[in-house]
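Take a look at the chain below. This report covers its pockets, its surface and its charged pairs.

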Amino acid sequence: MPHGSKALRRFNHLLSETAEAYHDASVRLGLSYSMMQILYTVYDYGDGRRCPLREVCVQTGISKQTINSALRRLEGEGIARLEQTGGKRKDVCLTEAGLALARRTVARIMTVEDGVFASWRPEDVETYLTLTERYLAAFRVGIQNLEPEQEHQEEP
């Protein structure tokens with residue numbers, strides 16, 4: 001018997017299906033999911049050409065190891081480069097080829113995303129975003145005290 005509520009199972013299913021849809025979009029456009037996430041984050045940040053590496057890590061939720069691997073590939077293909085901005089801080093910068101690629105890929109995904117929201121009533125968009133923010137905030141509070149449970153060992 002399932003342990004979570006029906007709502008929780010539906011929510012988790014929708015999250016998985018949404019992630020799969022974004023992965024599918026990336027593959028359709030000829031990019032790995034992690035490469036697409038990096039391009040998306042940089043393109044959506046500031047002037048669309050550069051973004052702090054830390055922001056890329058935070059916004060994508062992808063592990064640093066995966067980000068670094070994808071960045072090496074993007075650098076090798078002449079799509080992006082890392083630039084020191086002071087101390088240990090670095091920016092991910094799109095080259096001209098990278099900006100052109102982002103316009104051919106990321107911008108198209110954003111058009112689809114904006115189209116979805118444009119097809120909804122404004123109050124539905126606001127409700128969706130508000131409820132998503134509330135869920136995230138409540139979840140973050142709920143996990144604050146989570147720690148691994150200690151296994152009880154039987155005495156001999």
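Is Arg50 buried, partly exposed or exposed? Arg50 is partly exposed, because its relative accessible area is 31%. The model is a predicted one, and this value, like the others here, is computed from it.

## Arg50 and its partners

The side chain of Arg50 meets that of Asp91 in a salt bridge, at 2.9 Å from N to O. The pair links distant parts of the chain. Arg50 sits in strand E1, residues 50–52, and Asp91 in strand E3, 41 residues apart. Asp91 counts as buried, because its relative accessibility is 11% and the cut-off for buried is under 20%.

A second pair joins Arg81 and Glu83 in a salt bridge. Their closest N and O atoms are 2.9 Å apart. Arg81 counts as partly exposed, at 36% relative accessibility. Glu83 is partly exposed too, with a relative accessible area of 23%. Arg50, Arg81, Glu83 and Asp91 are linked in a network of salt bridges.

## A pair within helix H1

The count of salt bridges comes to eight. One of them joins Asp24 and Arg28, with the closest N and O atoms 2.8 Å apart. Side chains of opposite charge can pair when their charged atoms come close. Asp24 and Arg28 are separated by about one helical turn, because they are four residues apart in helix H1.

How exposed is each partner? Asp24 counts as partly exposed, at 33% relative accessibility. Arg28 is exposed, with a relative accessible area of 68%. Arg28 therefore passes the cut-off for exposed, which is over 50%.

## The largest pocket

The largest pocket has a volume of about 2,100 Å³. Its lining holds 37 residues. Thr18, Tyr22, Glu113, Tyr128 and Thr132 lie nearest the centre of this pocket.

Which helices each supply at least two residues of the lining? They are H1 (6–28), H2 (33–44), H3 (53–60), H6 (106–119) and H7 (122–142). H7 gives the largest share, nine residues. By class, the lining of the largest pocket divides into 22 nonpolar, nine polar and six charged residues.

## The second largest pocket

The second largest pocket holds about 160 Å³ of space. Pro52, Leu53, Arg54, Thr85, Lys88, Arg89, Lys90 and Asp91 line it.

The largest share, three residues, comes from E3. Sorted by class, the lining of the second largest pocket has two nonpolar, one polar and five charged residues.

## A nonpolar patch on the surface

Val112, Val116, Phe117, Trp120, Tyr128 and Leu129 form a nonpolar patch on the surface. Together they have about 520 Å² of accessible area. H6 and H7 each supply at least two residues of the patch. H6 gives the most, with three residues.

Where does Trp120 lie? Trp120 is in the loop between H6 and H7. Trp120 is partly exposed, because its relative accessible area is 34%. Tyr128 belongs to the patch, and Tyr128 is also among the residues nearest the centre of the largest pocket.

## Contacts across the sequence

Two pairs of residues show how sequence distance and spatial distance can be set side by side. Tyr40 and Met110 are 70 residues apart in sequence. In space, their C-alpha atoms are 8.8 Å apart. Tyr40 is found in helix H2. At 21% relative accessibility, Tyr40 counts as partly exposed.

Leu74 and Gly98 make up the other pair, 24 residues apart in sequence. Their C-alpha to C-alpha distance is 8.4 Å. Leu74 has its place in helix H4, residues 64–76. Leu74 is buried, because its relative accessible area is 0%.

How values were computed: Residues numbered from 1 in each chain as written. Predicted model: local features only at pLDDT ≥ 70, side-chain atom pairs only at ≥ 80, totals over all residues. Heavy atoms only, no water. 1 Å grid on protein atoms, 1.4 Å probe; cavity = no way out; pocket = protein on both sides within 12 Å on 5 of 7 lines; lining within 4 Å. Points joined across faces, edges and corners; volume = space filled by probe spheres on them. Nonpolar A, V, L, I, M, F, W, Y, C, P; charged D, E, K, R; others polar. Patch = residues over 30% accessible without salt bridge, like charges linked within 9 Å, V, L, I, M, F, W, Y side chains within 5 Å. Areas by Shrake-Rupley, 256 points an atom, 1.4 Å probe, with all protein chains shown as cover. Salt bridge = Lys/Arg side-chain N within 4 Å of Asp/Glu carboxyl O. Buried < 20%, exposed > 50% of the residue type's maximum accessible area, 1.4 Å probe, protein only.
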